[in-house]
Structures are given as C-alpha cells and as structure tokens.
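Kindly read it beside the sequence and the model.

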Amino acid sequence: RFQRGYRPGGSGLNLGPTLNGDAPEVFQFDPEFTDNIELAYRSQFNDGRSTLNANVFYTRYDDIQIATQGDRNFFDNFITNGGSAELWGAEVDFRTQIAPDLSVFASAAYSHTEYGSFTLLGAQLEGNEFPSAPRFAASFGAEYEFSNGLRVAADANYTSSSFSDPRNDPQFRNGDY
C-alpha cells in the first residue's frame, strides 16, 4: 500500500529566552510531507486459534518537522524543518491459544531512522537517528483465563537504546530497558 502524508506547518512562541532576560521568540515551521510504502501479511490458522501478522515499511520525509531544545536553557524549545529523512523497518506478531484457557504471544520489531543533510544549532544531523526511536523492540508473554472470567497475564518487554534529542548527544542517550 502507498500513502502520501501531510502535517501542516505553523508557528509558536518560545518563552525560553525570557529566563535569560531576552525577549520571547516567535518561530515558524513549514508543512511536512511523507511518502509511505507498507507491505503487510495477515493470517489466521489452527482453526482460528493462531494469528501471524507481519509488516515491512518505508517512509520518506520531505521537510521533516523536528521538535528540539535550544542551547540557552531547559525551556528553550521550538520546532523547525529538517529537510529529508527516512524510516524503514519490519515487525512481526504471533499469538496462539495453546489450551482452551491459555494463550501465548510474541512480537518483535526493527526500525532504522536517519536524517538527510541538515544542520541544527550548528550540529550536522546527517545520518543521525530520530529522537525516541529505538532500533529493536520485542515482547512475549502468556495469558490464562479462569472459568469465572478472571484473567491473569504476564509479559516481558525489551526496548533497545535511543537518543532523546535529534543531535544524538551521547549524554542524552536512553539505555536499553
């Protein structure tokens, strides 16, 4: 499936400079456009007790909107446009009912994000990862349903590290969890 996406531009007021005695700044940003391609597989088998779903995807951004923090203080926040960027990856999800009252599930995802040529506050972002975009995520678990309708479930999740800022500053790297 192919889709073209759009996020409108806008403007905002950055109050961060006022903490340094400067006047607030008005910022403006342009619309963002995306071209999205997705291939999906959906299945049910084992007399409807099992499902397997998978996706592969690719998104190209033009004039990507980037929310970021300036260099003055914690409240120095604004949105700007960052040229081109890409996101691609895959995900798979499996669920099966192994007994009338017990089901298990597992999922895994991989995503790759990358900015094209763009400079933000003097930092070159080309090749950097998007903020809050881990490369890997996975989960698995089980659910038991008693005859009275009460359900008990347990699951485990893993998310790989990611950066919390578009500059990919190592001091703002979130660890695996």
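1. A nonpolar core is here a set of buried Ala, Val, Leu, Ile, Met, Phe, Trp, Tyr and Cys residues joined through side-chain atoms within 4.5 Å; buried means under 20% relative accessible area, exposed over 50%, and partly exposed in between (1.4 Å probe, protein chains only). The largest such core has 14 residues, and those with the most contacts inside it are Tyr-61, Ile-64, Ile-66, Ala-85, Tyr-115, Leu-125 and Phe-130. Two or more residues of this core come from each of β3 (25-29) and β8 (85-99).

2. On the basis of the note: the model is predicted, so that local features need pLDDT of at least 70 and side-chain atom pairs count only at pLDDT 80 or more, while totals for chains, interfaces and linings use all residues. Residues are numbered from 1 along each chain as its sequence is written, and side-chain values use heavy atoms, with hydrogens and water left out.

3. On the fold as a whole, the protein chain has 0 helices and 15 strands; these are DSSP runs numbered from the N terminus (helices H or I, at least four residues; strands E, at least two). The radius of gyration, taken over C-alpha atoms, is 21 Å, whereas a compact globule of 177 residues would have one near 16 Å; the globule rule is 2.2 Å times the number of residues to the power 0.38. The C-alpha trace spans about 65 × 35 × 25 Å along its principal axes. Of the 177 residues, 30% count as buried.

4. Ile-64, one of the core residues with the most contacts, is in contact (heavy atoms within 4.5 Å) with Glu-32, Thr-80, Asn-81, Gly-82, Gly-83, Ala-85, Tyr-115 and Phe-130, neighbours within four places in sequence being left aside.

5. The structure holds 9 salt bridges, each a side-chain nitrogen of Lys or Arg within 4 Å of a carboxyl oxygen of Asp or Glu. In one of them Asp-35 pairs with Arg-4, with the closest N and O atoms 2.8 Å apart. This pair links distant parts of the chain, since Asp-35 lies in strand β4 (residues 32-45) and Arg-4 in strand β1 (residues 2-7), 31 residues apart. Asp-35 is partly exposed, at a relative accessible area of 23%.

6. Is Asp-165 buried or exposed? Asp-165 counts as buried because its relative accessibility is 9%. Its salt-bridge partner is Arg-167 (3.7 Å, N to O), which counts as partly exposed at 24%.
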